[in-house]
Amino acid sequence: MASHTSTRPLRRILVAGAITAGAVILPAAPAMAAPITIPGVGTFEIPEIPGMPPLPAQVPAPNAPAPVAPQVTPAAKAVQAAETKIGAPYVYGASGPDSFDCSGLVQWAYKQAGVSLPRTSYDQAAAGTPVSKADLRPGDVVSFYGGSHSGIYSGNGNVIHASTSGVPVKVAPVDSMPFDGARRY
């Protein structure tokens, strides 16, 4: 409570100073008033001065960091690329862009994100950094059936994969196949 009451005299001084400065500088009959907000102090109606540029609606906080655009990781880009291929046909040995086998889809999706991955599911299961099933993040490469099948974890317990002949690229629960391991690239 002490810090709240200790700022009150400072606020009163700032407001009194602003009012006094306004009385000295501003003409007696202002044309219009513009609201201005001073962070931590309040919002005030400040008369506009003829011939002066309009006041900003809000004073930016000093040393405020500039907004930063979120970074899209290669893993997120790989998931996005794989999602665009849902429904593409499965063809053994194919690595895109129109048809895929399991490891071909994984390799192609990561290539779209600028990352080079091994071609076979066994090599994909051996490269990268091991990840436990409990720590899966979107973009992790998930291996099934002893490493003979791979897919890309897309979040919410799902994997995007090219499963088998006659079945197009699809989204399936990770638990719908025997989990062998996962790798992060």
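Helices (H or I, at least four residues) and strands (E, at least two) are DSSP runs, numbered from the N terminus. The views below show a predicted model, in which local features need pLDDT of at least 70 and side-chain atom pairs count only at pLDDT 80 or more, while totals for chains, interfaces and linings use all residues. Residues are numbered from 1 along each chain as its sequence is written, and side-chain values use heavy atoms, with hydrogens and water left out.

**View A. The cis peptide bond from Gly-96 to Pro-97.** Omega of this bond is near 5°. Pro-97 belongs to the loop that lies between α2 (74-83) and α3 (102-112). Most peptide bonds are trans.

**View B. Lys-85, a buried residue without a salt bridge.** Lys-85 is located in the loop between α2 and α3. Buried denotes under 20% relative accessible area, exposed over 50%, and partly exposed the range in between (1.4 Å probe, protein chains only). A salt bridge requires a side-chain nitrogen of Lys or Arg within 4 Å of a carboxyl oxygen of Asp or Glu. For the assignment of charge, Lys and Arg count as positive and Asp and Glu as negative; His and the chain ends are not counted. The nearest side chain of opposite charge to Lys-85 is Asp-98, 4.8 Å away. With contact taken as heavy atoms within 4.5 Å, Lys-85 touches Pro-97, Phe-100, Leu-105, Trp-108 and Val-169, residues up to four places away in sequence not being counted.

**View C. The hairpin of β4 and β5, with Tyr-145 at positive phi.** Two strands pair if DSSP finds at least two bridges between them; β4 (141-144) and β5 (149-155) do so in the antiparallel sense over 4 bridges. Phe-144 has His-149 in β5 as its bridge partner. The hairpin has 4 residues between the strands. Tyr-145 is found in this loop and has a phi of about 50° although it is not a glycine. Most residues other than glycine have a negative phi. Tyr-145 is partly exposed, with 47% relative accessibility.

**View D. The hairpin of β5 and β6, with Asn-156 in the turn.** β5 and β6 (158-161) run antiparallel and are joined by 3 bridges. Tyr-153 stands opposite Val-159 in β6. The hairpin has 2 residues between its strands, and Asn-156 takes a positive phi near 55° as a residue other than glycine. Asn-156 is exposed, at a relative accessible area of 77%. In β5, 6 of the 7 residues are buried, so this strand is largely enclosed by the rest of the structure.
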